[in-house]
Amino acid sequence: MLGSSPRFLNFEPGDSIRHRLDPRTKLLAMFAVIADALIASVPGGIIAAYLLGVVIGLMALHLLPALWRVLRPLLVLIILFGLIIVVVTPGNAVIHISFVVPTYDGIALAIRLTLQTFLIIYTTSLLTITTPPLAVADALQWAFGWLERVRVPVRDIIAMVAIGLTFVPLLIEETQKVIAAQRARGADLGMNALLDEQAMGALMIPLLLANLRRGDELAESMEARLYNSGPRTSLHEYRFRRLDANAAAIALAFTTAVAVISFVLLP
Amino acid sequence: MDTGEVISVLGAPGSGKTRLALELAFLTRPEVGAVLFHGKNPLGRKRSLQPQQRPRAVTMLVQNAEDQLFARTVFDDVAFGPRHLELEDAEIERRVLKALSAVRLDPDETSTRSPFALSGGERRRVALAGVLAMEPEVLILDEPTSNLDPKTREEFLTLLEPLRGKGAIIWLTASAEEAARAQRIYVFQDARLAEVQSGANLLRDWRRLAIAGIELPALFELAAAIERRGCPLPPTGSAPELHDAILDVWKTRHHAG
């Protein structure tokens, strides 16, 4: 309505190797890279972890523009946090600019943390770009289903997350509709609306009501179709294939390499 | 458009009416061309759209406007628009009370109630009052009777009748019956203006409207259904003629069968 609404998590349909991989493999590989990023505390480890990221990226070259669109806004945040870390970490001062004291330790820490964070965001985005949200939910259920045994309602949590994700575009559209409606009767609802209690009410209350109503209707229609009335089977059975085995092997090899570099070679 | 004129834009659901309404209300920038208000384009040439640039004299009753109520009381909700005009309190109160009576809600009874305690039809009337309290020069109505039951719909239509002649009204609708109330009718198809007609002539062309997916009065819907079943009707001008034509066809068939 007002401008183009961003597609949430920017799933890009396609037929690359990344698309054809089993969502469970992709999820596990993502965990592996996140683990890599977290344990890679030394330059060598980070370089190895980034190499894995590059390999994964090479498998999906045509997705890089879409990936960039997702990462660009986050990059600003990461750099901002990096700058904060530079000045708040104690250590040897580089220079004194009144009360702002960047330190060498701060710079080192900031570089490490930003590189790690970026790698994590990069891999998660790669997953969501090449995997439909519902397949991600299926993979999560597969990975965490065992928690049901200890009475964690994994299925419900995942259903909630999956529904939430699919409804985000609708939420954005709804927000644009409310903004247009309230502007049509005289409200500004620009940036200063954030400070104006009444303007916030004009935006949030119709939005909240619409979503509560939608939630109610959805719950009823799901129950009318026997949600929650017994074990469910899935229309799409996932099967691990040779491709998945190869991908898993690559991810495992890199993770081991990163761990060895970080813990054994350069402790 | 002239002051006091009522024009309607008639289009099937999904033909792009709402998009047009947002553009006419200066809420979205048209991709091509410009909307002029008093001979000027208030949005200017810049790409970005500043809410402050919108002429306040143009207001719109959005589709299902009752969903946009939010204030604690009906009074506050109707006063929401006028308060943004930076009017004096007495003037705001005058406008709110006048708008509430214009939509036939008793100000004494309803103005202190919560808008959420009202029925759907009453809430839409409150929404209309909120727009009227702006005392607009141009009032855009985007399917003002959508999702109302037939009785509430009739009531709502009688409220709109006295608005004629006060400011300009642009009425977007999917119903040929409602569109025929306007002085000029624009038939809108696939986001393009297909025809310009005067109100009386609109239904003469009912076959084309039926093909465009526009909701016709019951008699014309019946005629369209009869023709779809392979029984052509003679070309007719007015509703009574069509009525007779349908009866004739029915009688001939009845005797033959």
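Some conventions before the content. Residues are numbered from 1 along each chain as its sequence is written, while chains are lettered from A and ligands numbered from 1 in the order in which they are written. Because this is a predicted model, local features need pLDDT of at least 70 and side-chain atom pairs count only at pLDDT 80 or more, whereas totals for chains, interfaces and linings use all residues.

I start with confidence in chain A. The score is pLDDT, the predictor's confidence in each residue, from 0 to 100. Chain A averages 79, and 91% of its residues score at least 70. A contact here means that the C-beta atoms of two residues, placed from the backbone, lie within 7 Å. Where pLDDT is low, the predicted coordinates should not be read in detail.

Next, the makeup of chain A. It has nine helices and zero strands. Helices (H or I, at least four residues) and strands (E, at least two) are DSSP runs, numbered from the N terminus. Of the 267 residues in chain A, 25% count as buried. Buried means that 20 or more other C-beta atoms lie within 10 Å of the residue's own, exposed means 12 or fewer, and partly exposed is in between, with C-beta atoms placed from the backbone. Among contacts in chain A between residues at least 6 apart in sequence, 72% join residues at least 24 apart.

One residue as an example: A:W68 sits in helix α4 of chain A, residues 64–88. A:W68 has 11 other C-beta atoms within 10 Å, so it is exposed. From A:W68 to A:S125 is 57 residues in sequence and 9.6 Å in space, C-alpha to C-alpha.

Now the interface. In chain A, 19 residues are in contact with 22 residues of chain B. On the chain A side, the elements giving two or more residues are α7 (154–184) and α8. The most comes from α7(A), with six residues. By class, the chain A side has 12 nonpolar, four polar and three charged residues. For the classes, Ala, Val, Leu, Ile, Met, Phe, Trp, Tyr, Cys and Pro count as nonpolar, Asp, Glu, Lys and Arg as charged, and the others, Gly among them, as polar.

Strand β1 of chain B, residues 6–11, runs parallel to β4(B) and is joined to it by five bridges. Pairing requires that DSSP finds at least two bridges between two strands. In that pair, B:V9 stands opposite B:L172. Strand β3 of chain B, residues 138–142, also pairs with β4(B) in the parallel sense, over five bridges. There, B:I140 has B:I170 as its bridge partner.

Last, two residues other than glycine with positive phi. B:H38 has phi near 50° and lies in the loop between α1 (17–24) and β2 (58–61) of chain B. B:N64 is buried, with 20 other C-beta atoms within 10 Å.
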